[in-house]
Amino acid sequence: CDAITSISGFSQITKLEEIRFDENLNLTSINGFEALLLVKSIWINDNFNLNSITGFDILGEINILTLWDTGLTNLDFMSNVKIISQILSIRDNPLLTDITAIEGFVYIAGGTVRIERSPQLTDCCSVRLLMQRNILNGVVHIEGNGTGCSSLIEIYESCPDTESDGIFDSEDNCINDANPLQTDTDMDGIGDGCDNCPQTPN
């Protein structure tokens with residue numbers, strides 16, 4: 001399989017039991033599943049040079065997703081996925097820095113979520129966000145990532161949300177008052193929830 005560099009051309013497929021790409025050392029891109037609505041499992045493992053996955057434009061539900069030993073920097077191909085019903089396992093991705101695509105999840109069943117051994121991954125606030133929404137209902141295992149994302153304790157310390165409104169303090173325009181919609185009528189950078197003059201910039 002070492003000669004395979006790209007995989008594409010599945011644009012008419014709407015449902016699959018399994019997608020599996022293992023140990024394709026020269027594989028750099030996967031694309032072309034634009035019509036895929038449902039797949040039971042996706043296994044993408046030991047494709048060290050894989051740096052691009054696109055084309056899963058309407059895929060909304062997966063039972064099992066494993067993403068091990070790739071060259072990916074983000075999980076953007078998962079941005080439309082809403083349901084992971086059994087297992088999400090992301091590990092040993094040395095260039096991975098961005099997992100914000102998981103914020104679109106609305107349901108993860110009582111299975112296992114593992115995010116491990118990705119040393120450049122230092123921002124895992126997306127995990128805390130899903131936990132605040134009660135979307136992660138099974139085992140959550142975080143280990144061996146970069147500083148700030150090497151354990152659940154580190155995630156909570158790195159992603160404070162003082163008033164638990166779903167907006168982390170680093171992005172919140174009202175740190176001490178719940179303002180989940182971040183409404184700022186006078187556009188002065190102070191949210192209406194804590195602005196003494198919400199109609200007048202001050």
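In what pairing are the bonded cysteines of the protein joined, when they are numbered in sequence order? In this predicted model, the pairing is 1-3, 2-4, 5-6. C197 takes part in no disulfide, and the nearest cysteine sulfur, that of C194, is 12 Å away. C197 is partly exposed, at a relative accessible area of 33%.

One of the disulfides joins C124 to C149, with an S to S distance of 1.7 Å. The torsion about the S-S bond of C124 and C149 is about -60°, so this disulfide is left-handed. C124 is found in the loop between strand 9 (112–116) and helix 1 (125–132), while C149 is found in the loop between strand 10 (139–143) and helix 2 (152–158); the pair therefore ties together parts that are 25 residues apart in sequence. Both C124 and C149 are buried.

Another disulfide is formed by C125 and C159, whose sulfur atoms are 2.0 Å apart. About the S-S bond of C125 and C159 the torsion is about -90°, so this disulfide is left-handed. Because C125 lies in helix 1 and C159 in the segment after helix 2, the pair ties together parts that are 34 residues apart in sequence. The relative accessible area of C125 is 15%, so this residue counts as buried, the limit being under 20%. C159 is also buried, with a relative accessible area of 1%.

C174 and C194 form a disulfide as well, and their sulfur atoms are 2.1 Å apart. This link is left-handed, with -90° about the S-S bond. C174 and C194 are each in the segment after helix 2, and the pair links distant parts of the chain, 20 residues apart. C174 is buried, with a relative accessible area of 1%.

An open sheet of three strands has the order 1-3-5, and its pairing is parallel. Strand 1 (6–7) and strand 5 (52–53) stand at the edges of this sheet, each with a single partner strand, so one side of each has no neighbour in the sheet. Strand 1 pairs with strand 3 (residues 29–30) in the parallel sense, over two bridges. In this part of the sheet, S6 stands opposite S29 in strand 3.

The largest nonpolar core holds 47 residues, of which F56, F105 and V127 touch the most other members. Two or more residues of this core come from each of strand 2 (15–22), strand 4 (38–47), strand 6 (61–70), strand 7 (83–91), strand 9, helix 1 and strand 10. Helix 1 gives the largest share, four residues. When neighbours within four places in sequence are left aside, F56 is in contact with I19, I30, F33, L36, I42, F77 and N80.

How values were computed. Residues are numbered from 1 along each chain as its sequence is written. This is a predicted model: local features need pLDDT of at least 70, side-chain atom pairs count only at pLDDT 80 or more; totals for chains, interfaces and linings use all residues. Side-chain values use heavy atoms; hydrogens and water are left out. A disulfide is a pair of cysteine sulfur atoms within 2.5 Å. Buried means under 20% relative accessible area, exposed over 50%, partly exposed in between (1.4 Å probe, protein chains only). Two strands pair if DSSP finds at least two bridges between them. A nonpolar core is a set of buried Ala, Val, Leu, Ile, Met, Phe, Trp, Tyr and Cys residues joined through side-chain atoms within 4.5 Å. Contact means heavy atoms within 4.5 Å.
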